[in-house]
Amino acid sequence: MATEAQMLELMKTAEALGKNFAANYYELFKENRAGLAALYHDQAFLSFEANCVEAVCIGKEKVINKLVSLPFQKVGVALTTIDSQPTIDGGFLIFISGQLQADLDQKHAFSQALHLKCINGSYFIMNDFFRLSVHNF
């Protein structure tokens, strides 16, 4: 069992990894969405505004096809918070909140949760949940 000091170090690692990973992810998202393929595992899952199992993308190819097919040319991203925690299997969970502005649309708040898995010393996205924070009253 890890000591409190070891757990604290692991949290510091998680924090740094989360911030670096999120910065890299959103730079690619803005400039080259197809380049995100390098970050996803072959068997990754993506729930992008998905309300049912049938809407979930399964596998890297379908995930990237979804991200590349999003109907905008230009996107601005402002990250507000990036929270990270280690998982028991050596991976990390990253929770991101911020704002997106697609083309000339208004800004929308969003949240995203990523589960990273370490495979042969590299981290890949296994699970990705993305939601715009749009409310209809």
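Asp103 sits in the loop that joins strand S4 (92-102) to strand S5 (108-119); helices (H or I, at least four residues) and strands (E, at least two) are DSSP runs, numbered from the N terminus. The model is a predicted one, in which local features need pLDDT of at least 70, side-chain atom pairs count only at pLDDT 80 or more, and totals for chains, interfaces and linings use all residues. Residues are numbered from 1 along each chain as its sequence is written, and side-chain values use heavy atoms, with hydrogens and water left out.

Asp103 has a positive phi, near 50°, although the residue is not glycine. With a relative accessible area of 34%, Asp103 is partly exposed; here buried means under 20% relative accessible area, exposed over 50%, and partly exposed in between (1.4 Å probe, protein chains only). Asn120, in the loop between S5 and strand S6 (122-132), is another residue other than glycine with a positive phi, near 55°. Asn120 counts as exposed, at 81% relative accessibility.

Helix H2 (residues 60-68) comes next, and its buried residues are Val63, Ile64 and Leu67. Viewed down the axis of H2, these residues fall within an arc of 90°, so they line one face of the helix; the arc is that of the directions from the helix axis to the C-beta atoms. In general, an α-helix has 3.6 residues a turn, so residues three or four places apart point the same way. The buried residues of H2 pack against helix H1 (4-31), strand S1 (40-48) and strand S2 (57-58), where contact means heavy atoms within 4.5 Å. Exposed Glu61 and Lys62 are carried on the face of H2 turned away from its buried side.

Leu36 counts as buried, at 0% relative accessibility. From C-alpha to C-alpha, Leu36 and Val68 are 9.4 Å apart in space, and they are 32 residues apart in sequence.

Grid points are joined across faces, edges and corners, and a volume is the space filled by probe spheres set on the points. The largest pocket has a volume of about 210 Å³. Its lining has 13 residues, of which Phe48, Phe72, Leu100, Ala102 and Leu132 are the closest to its centre. S4 and S6 are the elements that give two or more residues to this lining, and S4 gives the most, with three.

The structure also holds one cavity of 30 Å³ or more, and about 40 Å³ of space lies in the largest cavity. Residues including Tyr25, Phe29, Phe48, Leu67 and Leu100 line this cavity. H1 gives the most to the lining of the largest cavity, with three residues.

Technical notes:
On a 1 Å grid over the protein atoms alone, a cavity is a set of points where a 1.4 Å probe fits but cannot get out, and a pocket is an open set with protein on both sides within 12 Å along at least five of seven lines; lining residues have an atom within 4 Å of a point.
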